[in-house]
Amino acid sequence: MRLVASSNSAPASVNRYLLPHEQDVVTIRRHPAVLIGPVGAVLGALIIAGILSNTSIADSAAALAIIWWLWLLVLVWFVWQVAEWSVDYFVITSARLLLTTGLIIRQVNMMPLGKVTDMRFERTLLGRFLGYGTFVMESAGQDQALSRIDFIPYPEQLYLEVVGLIFKE
């Protein structure tokens, strides 16, 4: 029984990392709450730019231009963060867990399901309110590339899905 519906096929950016014998069980993006910090930064910068524009600091056109160009840089940074979020995926296959990240520099972290010796998920108060959690995994005391995954949506269901794959009967 599937607890989280699969999209039946991983996006091409993820599918290239799957082995021929692997089946994609669940492929999801990290929770949009990962963008709370960037949204706060761009809104805070907008408020600061607006306030500075109405002070004596912005009396000259050059100072006003610098203020708004700086805000534009923050906005470009925000757009970059959204673009990076849009290509980051957490993938559960029949054989392993994968986390793909990065827009220009692609990083693929993975852990075979057979190597997972301990797994738990954590949820902060904000995480419970917004619906995300953090997976923490250990592998026979070894340091793994994939040991902590933040901002996972549906953490209870995904936890049960992974545990079901690890302890197949």
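Student: What do the buried residues of H2 pack against?
Tutor: Keep in mind that this is a predicted model. H2 covers residues 36-53, and Pro-38, Val-42, Ala-45, Ala-49 and Ser-53 are its buried residues. The element that these buried residues pack against is H3.

Student: Within what arc do the buried residues of H2 fall, seen down the axis?
Tutor: An α-helix has 3.6 residues a turn, so residues three or four places apart point the same way. In H2 the buried set is Pro-38, Val-42, Ala-45, Ala-49 and Ser-53. They line one face of the helix, because the arc they fall within is 65 degrees.

Student: Which residues on the other side of H2 are exposed?
Tutor: The buried face of H2 packs against H3, so look away from that face, which the buried residues line. Exposed means over 50% relative accessible area. On that other side, the exposed ones are Ile-47, Ile-48 and Ile-51.

Student: Is Arg-29 buried, partly exposed or exposed?
Tutor: Arg-29 sits in strand E1, residues 24-29. Its relative accessible area is 35%, and buried would need under 20%, exposed over 50%. That value therefore makes Arg-29 partly exposed.

Student: Which side chain makes a polar contact with the side chain of Arg-29?
Tutor: Further along the sequence, Arg-29 touches Trp-85, Ser-86, Asp-88, Tyr-89 and Pro-153. The side-chain partner, at 3.1 Å, is Tyr-89.

Student: Is Thr-100 buried or exposed?
Tutor: Thr-100 belongs to strand E3, residues 96-101. Its contacts include Val-14, Tyr-17, Val-87 and Val-108, and its side chain makes a polar contact with the side chain of Arg-106 at 3.3 Å. With a relative accessibility of 0%, Thr-100 is buried.

Student: How far apart in space are Val-87 and Gly-102, C-alpha to C-alpha?
Tutor: Val-87 is in helix H3, residues 61-87, and it contacts Thr-100, Gly-102, Leu-103 and Arg-106. Val-87 and Gly-102 are 15 residues apart in sequence, and their C-alpha separation is 7.0 Å.

How values were computed. Residues are numbered from 1 along each chain as its sequence is written. This is a predicted model: local features need pLDDT of at least 70, side-chain atom pairs count only at pLDDT 80 or more; totals for chains, interfaces and linings use all residues. Side-chain values use heavy atoms; hydrogens and water are left out. Helices (H or I, at least four residues) and strands (E, at least two) are DSSP runs, numbered from the N terminus. Buried means under 20% relative accessible area, exposed over 50%, partly exposed in between (1.4 Å probe, protein chains only). Contact means heavy atoms within 4.5 Å. A polar contact is a pair of N or O atoms within 3.5 Å; within protein, one must be able to donate a hydrogen and the other to accept it, and residues adjacent in sequence count only if both atoms are side-chain atoms. The expected span of a helix is 1.5 Å times one less than its number of residues. The arc is that of the directions from the helix axis to the C-beta atoms.
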